[in-house]
Amino acid sequence: IVVIRNEHIVDDWNEVETLLGGAADLTEESLPVNNQYEKKPEEVYLSDTAKVVLCKTLCNEIQVYKTILKRAQNIKKKQYMQELMTSCPKEALEESCADDMPDISLKVEKAKGKLIY
């Protein structure tokens with residue numbers, strides 16, 4: 001599995017290119033990015049309490065994210081663990097969450113062969 005993360009798109013893309021025998025020649029300038037605009041401080045501020053609640057709420061998603069990144073051939077564990085430790089330290093270290101992972105098996109079975117929007 002290879003992964004290209006939006007926040008590291010150039011580095012991840014170039015790493016995949018290298019793994020596939022290509023040239024790591026993508027640059028920030030050669031890649032149009034739609035979501036890079038200057039943000040005001042009030043647009044990105046979360047209180048410490050809000051960060052804890054958000055991380056706890058996203059715990060299962062964080063565990064899946066870690067699993068995907070662990071399996072990715074182009075991602076260095078040290079890098080993503082440092083980033084997770086900065087944003088959600090408790091969830092970065094945990095192997096499971098207080099809330100069970102939702103069981104989506106019936107949804108998957110029902111949707112086989114169908115596009116879900």
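Which residue follows α1, with a positive phi?

**View 1. Helix α1 and the residue after it.** Gly-21 follows α1, and its phi is positive, near 90°. The model is predicted: local features need pLDDT of at least 70, side-chain atom pairs count only at pLDDT 80 or more, and totals for chains, interfaces and linings use all residues. Residues are numbered from 1 along each chain as its sequence is written, and side-chain values use heavy atoms, with hydrogens and water left out. Helices are DSSP runs of H or I with at least four residues, strands are runs of E with at least two, and both are numbered from the N terminus. In α1, the buried residues are Val-10, Asp-12, Asn-14 and Val-16. Buried means under 20% relative accessible area, exposed means over 50%, and partly exposed lies in between (1.4 Å probe, protein chains only).

**View 2. Asn-14 in helix α1.** Helix α1 spans residues 9-19 and includes Asn-14. With a relative accessible area of 11%, Asn-14 is buried. Apart from residues up to four places away in sequence, Asn-14 touches Ala-24, Asp-25 and Leu-26. Contact means heavy atoms within 4.5 Å.

**View 3. Helices α3 and α4.** The axes of α3 (residues 48-57) and α4 (residues 59-71) come within 4 Å and cross at roughly 65°. The two helices are therefore roughly perpendicular to each other (65 to 115 degrees; under 35 counts as roughly parallel, over 145 as roughly antiparallel and the rest as oblique). On the α3 side the contact is made by Cys-55, Lys-56 and Thr-57, and on the α4 side by Cys-59, Glu-61 and Ile-62. Three of these contact residues are nonpolar, one is polar and two are charged.

**View 4. Lys-66 in helix α4.** Lys-66 has its place in helix α4. Lys-66 counts as buried because its relative accessibility is 2%. Leaving aside neighbours within four places in sequence, Lys-66 is in contact with Tyr-80, Met-81, Leu-84, Glu-91, Ala-92, Leu-93 and Glu-94. Lys-66 and Leu-84 are 18 residues apart in sequence, and their C-alpha atoms are 8.9 Å apart in space.

**View 5. Confidence along the protein.** The mean pLDDT of the protein is 87, and 91% of its residues reach 70 or more. This score is the predictor's confidence in each residue, from 0 to 100. Confidence is lowest in helix α2 (residues 41-44), at a mean of 76, and highest in helix α6 (residues 89-93), at 96.

Key:
Axes fitted to C-alpha atoms, helices over the stretch in contact; angles between N-to-C directions. Nonpolar A, V, L, I, M, F, W, Y, C, P; charged D, E, K, R; others polar.
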